[in-house]
Amino acid sequence: MNSLSLLMGVVCLLVGHWGVHPMVNNYNAQKGLYSLAPITNVQIEKRYATVNNICSAVLDSDQCCYLRGVAYIKFVRACEILRAEHPKLKFIIYDAYRSPKIQLKLWNKVKGTPNARYVAYPKCISMHSLGLALDMTLADSLGKPLDMGTDYDAFTLLAQPRFESQFLRTQTLSKAQYENRLLLRSIMKRAGFFQLQSEWWHYEALHQKFAHTHYKVIE
Ligand SMILES: [Zn+2]
């Protein structure tokens, strides 16, 4: 059995165990990526496939979001935790795998602006381009995002988890907004993800150093 078959076997086993039933054809073998669209408590709102993003321009023609197997397995687990503990909530996915081409387009749009420091320069490999990161939030049953204090890609200090206790003290971040962030964080951490300290919406399936040593960019 090759490693791909083994991975597919493990995914099927885990997916079956957790009661999530993504379509069997959600795997792109050529790229090694799994589509998140079939998961029932997930709503895809890929911002870079719309003009509703920091560039006010469509950067990606593909509306769907994808993850590499190791991240996908963890994400399926997060969906199952959410379904079991908060059946009325769902995840909104703003972005996941991002090709180096899209990353370059993003860089070209923000370079020379104050937002440039938040975008991985194409020569520094983004965890998104490894298929190991996703940008997300929680939404109610109608698909309305929970209030996290800022929008996605709000490149401000208020969006940074490392400053949350400070903003809580000054009530710039409300207790409800903070608790919404904690709920998302608790589910994602239990599923095995790591939170980026500069963006409340960004989660990574592996430590960056390990990921950059063991995984290659998906073109
Ligand atoms: Zn991100």
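Colleague: Let me begin with serine 56: is it buried or exposed?
Modeller: This is a predicted model, and in it serine 56 is exposed, because 9 other C-beta atoms lie within 10 Å. Serine 56 sits in the loop between β3 and β4 (66-68).

Colleague: What is the phi of serine 56?
Modeller: Serine 56 has a positive phi of about 50°, although it is not a glycine. Most residues other than glycine have a negative phi.

Colleague: And what about glutamine 171, what is its phi?
Modeller: Glutamine 171 also has a positive phi, of about 60°, and is not a glycine. It lies in the loop between α4 (164-169) and α5. With 8 other C-beta atoms within 10 Å, glutamine 171 is exposed.

Colleague: Let us step back to the whole chain. How many helices and strands are there?
Modeller: There are six helices and eight strands. From the N terminus the order is α-β-β-β-β-α-β-α-β-α-α-β-β-α.

Colleague: What share of the residues is buried?
Modeller: Of the 219 residues, 35% count as buried. As for contacts with a separation of 6 or more, 70% of them join residues 24 or more positions apart.

Colleague: Now the sheet. In what order do the strands lie?
Modeller: The order is β3-β5-β6-β8-β7, an open sheet of five strands with mixed pairing. At the edges are β3 (42-44) and β7 (194-195), each of which pairs on one side only.

Colleague: In which sense do β3 and β5 pair?
Modeller: They are parallel, with three bridges between them. Glutamine 43 has isoleucine 92 in β5 as its bridge partner.

Colleague: And how many bridges join β5 to β6?
Modeller: Five bridges join β5 (residues 90-95) to β6, and these two strands run antiparallel. Isoleucine 93 is partnered by methionine 136 in β6, and phenylalanine 91 by leucine 138, also in β6.

Colleague: How many residues of β6 are buried?
Modeller: Five of its seven residues are buried, so β6 is largely enclosed by the rest of the structure. In β5, six of six residues are buried, and that strand is mostly covered.

Colleague: You mentioned histidine 202. Why is it classed as buried?
Modeller: Histidine 202 has 24 other C-beta atoms within 10 Å, and the cut-off for a buried residue is 20 or more. Leaving aside residues up to four places away in sequence, histidine 202 touches Ala133, Asp135 and Leu196.

Colleague: How far is histidine 202 from aspartate 153?
Modeller: Their C-alpha atoms are separated by 9.5 Å, although the two residues are 49 positions apart along the chain.

Colleague: Let me turn to α5. How many residues does it have?
Modeller: α5 has 16 residues, and from its first C-alpha to its last it reaches 22 Å, close to the 22 Å expected at 1.5 Å a residue.

Colleague: Which of its residues are buried?
Modeller: The buried residues of α5 are Gln177, Arg181, Leu184, Ile187 and Met188. They lie on the same side of α5, because they cover an arc of only 130° around the axis. On the other side of α5, the exposed residues are Lys175, Ala176, Glu179, Leu182 and Ser186.

Colleague: What covers the buried residues of α5?
Modeller: The cover includes α2 (69-85), β6, β7 and β8.

Colleague: One last point: which residue with a positive phi follows α5?
Modeller: That is glycine 192, with a phi near 105°.

Definitions and conventions. Residues are numbered from 1 along each chain as its sequence is written. This is a predicted model: local features need pLDDT of at least 70, side-chain atom pairs count only at pLDDT 80 or more; totals for chains, interfaces and linings use all residues. Two strands pair if DSSP finds at least two bridges between them. Helices (H or I, at least four residues) and strands (E, at least two) are DSSP runs, numbered from the N terminus. A residue is buried if 20 or more other C-beta atoms lie within 10 Å of its own, exposed if 12 or fewer, and partly exposed in between; C-beta atoms are placed from the backbone. Two residues are in contact if their C-beta atoms, placed from the backbone, lie within 7 Å. The expected span of a helix is 1.5 Å times one less than its number of residues. The arc is that of the directions from the helix axis to the C-beta atoms.
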